[in-house]
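Biologist: Before I rely on any single position here, I would like to go through the terms one by one and hear how each label was reached. Could you show me the sequence and the structure first?

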Amino acid sequence: MTFKSAVKRKLSTKLASSRKRQKIQHRNADELPWKTVKRPTESGLGGDDGILELEEVEGVEVVYETTDGGRVVKFNQVITDETQDADELLEKEEEEEAQDKEVQGAASSPEPILVEELPTFDSESLLPGWHKFPLHPRIMMALHDKGFESPTAIQAASLPFALADRDVVGIAQTGSGKTLAYGLPILHYLLSQPRPSSSKKRAVKALVLAPTRELALQVSSHLNAMVTSIESSKTGVIPEPSTSTKKPPPHVSIAAIVGGMSAQKQRRIIDRGVDVMVATPGRLWDILEDDDQLAQEIRNLRFLVLDEADRMIEAGHFAELENILRLTLLESKNEHIPEEFDENGMNLEEEDQEDVKEGIKDGLQTFIFSATLSKDLQRNVKKKFRPKGNKKHYKRDQAPATTLDDLLLRLDFRDPNPEVIDLSPVGNVVSTLQEGKIECLSGDKDVYLYYFLLRYPGKSLVFLSSIDGIRRLMPLVELLNINAFPLHSQLEQRQRLKNLDRFTNTPNSVLLATDIAARGLDIPAVDHVIHFQIPRSADTYIHRNGRTARAMRKGFSMLMVAPDERRVVKALLGNLGRDDADIPEMTIELSMLDRLKARVQLARKIENTQHKIKKTNHDRNWMRETAEALGVDLIRTISGVLDPLNVSSNVHVQDDNDHLSSRPYEAFTC
Ligand SMILES: Nc1ncnc2c1ncn2[C@@H]1O[C@H](COP(=O)(O)OP(=O)(O)OP(=O)(O)O)[C@@H](O)[C@H]1O
């Protein structure tokens, strides 16, 4: 054995309690998926002497078996859904890549020569609502195909500026079509460029930053749906007669780069090249740290979009966001981003003139869109570009008041006078939204929720402020036979998307969600938004409500207010210039409520018992597995608890509570 091969290996066995689908594969030690670990210097193992290397492996169960030849050790590799999915995804990707190569390459058949003919589209008669906007005819055709007869108010107000290369800050109510307000100018620009050739990697032209993974995925699929419509409308792309089997490259490619999904896959997508990247700041910054080429592409962006900018800084992404934004600054600005607001500097007027000239040259357009951007912040966006005196002369007492102020200060609008369009309705209440409230004790909220869900069937999105609250409520509503799905940040990304999808596709269902679902999600036909726990801010109230009553549909929002929450609700509505008396109290049929109370109490009892059983079983399994790994046997004590003992007799372990695990739903049949 050489020194190099004197390998120290560390096993981590994160096993038994996992709820994921598991497959066990028996392996010998050398076949396991070892990963090299950095040597910790503090342990004295960090030397470069080449003697010791550390490797670790996850998801491996160590099993000792007694054979005639003595005790032997075996390794069972546990394949979970997650590893399996990642592997499957990668395999599928490789297959797709191979197929692409086959189709594209057909060894080396030449790319077809495409003659890009501008299709004619009579927007004046077919799409009069859009006619005055100078959009690419293929976009007009797609809008027509999608049945989008006219622009929404925010689209109509922002397009003239966005199409004239101006920077735009757009504030408009939830569900009012903000994605296409910034998406259409980007698509228009890309379609007006020659179709990229597949032999040359495309550089990112537009970066859309969104605060949550779900929103980023939704924006990218929203824009992709538009591109699919564009590509499938009569394109006017005529391949010249040729024997080539190669597929023409897509004119526009869009990808989402978000956490919780395979990083390798996303890196490969980036390596192949995309035009529009929709990303969450955390994952993008992770990738950017090792990808200089992408960093260079971000420096040369044509469009930068911050969707729900105000939420982005709440979501704890500020550091990553700031790092990314720093890449988009003009060189001259980058040097003096006000880490410290220094008092010396050149004359602002001259500096701004220079920037404007440079801005024209480098042509970055910035769009900021949200349903909530305070008037102060809107003023600050403007003020930043029309300061009195020297811009670099920020005094300490003029330092940004809020993190969002700070963020806006760090943004480098090339436009000396960004257009601020504020279409938010008075009090920020969408006209098609009806509001109501129920005042009740905290402990009665479960019953009132159950009452509401039975009394008003439909698709209901229930907001809670904590993950623990969802974990408590989920089994209860399931026992009450309600079709409910959870959504919070501690679920795996795959599960989050699956639950969102199930909620979207199940007509009479409930989503129990934290505020990760409050912003931007465009779930079709949500009938009710229920604030089971009151929102932390006025903005959150608006955004939560915005999941219903979208695109001129009707919707209902209900606040559940406990006595100790009244003051907060008053303050919250006060912030919106409203009075809590504005929101009417719902009438409750008390006879029905009383009957439901009994059911809820029974469900709680069953839930408690089930919880205890689960916990006992979990402890018992843990002890059994640990004992097995240690090679000791278990005996049952008088109290029924299992103790590990170094005795040789095996004791059969039986689940005393088997008789309690029957299905509880029958308890609720009326
Ligand atoms: N011009 C249009 N005509 C008809 N429907 C449209 C139009 N533009 C967008 N929509 C549809 O309206 C819905 C809401 O759009 P979008 O998600 O962009 O709203 P939003 O303003 O971003 O909402 P939020 O503030 O909640 O993020 C989408 O389903 C979208 O397809």
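Modeller: Let us begin with confidence: pLDDT is the predictor's confidence in each residue, on a scale from 0 to 100. This is a predicted model, and the mean pLDDT of its protein chain is 75, with 63% of the residues reaching 70 or more. Over residues 1-23, however, the pLDDT is below 50, although this stretch has 40 contacts in the model beyond near neighbours in sequence. Residues 638-670 likewise stay under 50, and for them the model has 42 contacts beyond four places in sequence. Where pLDDT is low, the predicted coordinates should not be read in detail. For the complex, the predictor gives an ipTM of 0.97 and a pTM of 0.65.

Biologist: What makes up the protein chain, and what share of its residues is buried?

Modeller: The protein chain holds 21 helices and 23 strands, and buried residues make up 30% of its 670 residues. Among contacts with a separation of 6 or more, 76% join residues 24 or more positions apart.

Biologist: How do you know where the ligand lies relative to domain 1 and domain 2?

Modeller: Both domain 1 (123-232 + 251-329) and domain 2 (433-603) give residues to the shell around the ligand, so the ligand lies between them. Of the 17 residues around the ligand, T174, G177, K178, T179 and G520 come nearest. Helix α5, residues 178-192, supplies three residues, the largest share of that shell. By class, the shell has five nonpolar, nine polar and three charged residues.

Biologist: Why is A549 called buried, while N481 is called partly exposed?

Modeller: The label buried asks for 20 or more other C-beta atoms within 10 Å, and exposed for 12 or fewer, with partly exposed in between. A549 has 25 C-beta neighbours inside 10 Å, and therefore counts as buried. N481 has 15 other C-beta atoms within 10 Å, and so falls into the partly exposed class.

Biologist: What is noted about the phi angles of N481 and A549, and where in the chain do these residues lie?

Modeller: N481 has a positive phi of about 70° although it is not a glycine, and it lies in the loop between α17 (467-479) and β18 (484-487). A549, also a residue other than glycine, has a positive phi near 50°, and its place is the loop between α19 (538-545) and β21 (555-561).

Biologist: What makes Q296 exposed?

Modeller: Q296 has 12 C-beta neighbours inside 10 Å, and because exposed means 12 or fewer, Q296 counts as exposed. Q296 lies in helix α9, residues 292-299, and its C-alpha atom is separated by 9.6 Å from that of V204, 92 residues away along the chain.

Biologist: Which annotation does UniProt list for residues 128-156, and what does the model show there?

Modeller: An unreviewed UniProt entry lists these residues for "domain: DEAD-box RNA helicase Q". Over residues 128-156 the chain is 48% helix and 0% strand, and the end C-alpha atoms are 13 Å apart.

Biologist: How is H131 classed, and what is it in contact with?

Modeller: H131 has 15 C-beta neighbours inside 10 Å, so it counts as partly exposed. H131 lies in the loop between α2 (123-126) and α3 (137-146), and, leaving aside neighbours within four places in sequence, it is in contact with S123 and E124. From H131 to S150, 19 residues apart in sequence, the C-alpha to C-alpha distance is 9.0 Å.

Note on methods. Residues are numbered from 1 along each chain as its sequence is written. This is a predicted model: local features need pLDDT of at least 70, side-chain atom pairs count only at pLDDT 80 or more; totals for chains, interfaces and linings use all residues. A residue is near a molecule or strand if its C-beta atom, placed from the backbone, lies within 6 Å of it. Helices (H or I, at least four residues) and strands (E, at least two) are DSSP runs, numbered from the N terminus. Ala, Val, Leu, Ile, Met, Phe, Trp, Tyr, Cys and Pro count as nonpolar, Asp, Glu, Lys and Arg as charged, and the others, Gly among them, as polar. Domain bounds come from an automatic or database domain assignment. Two residues are in contact if their C-beta atoms, placed from the backbone, lie within 7 Å. UniProt positions are given in the numbering used here, feature names are shortened, and annotations may be inferred rather than shown by experiment.
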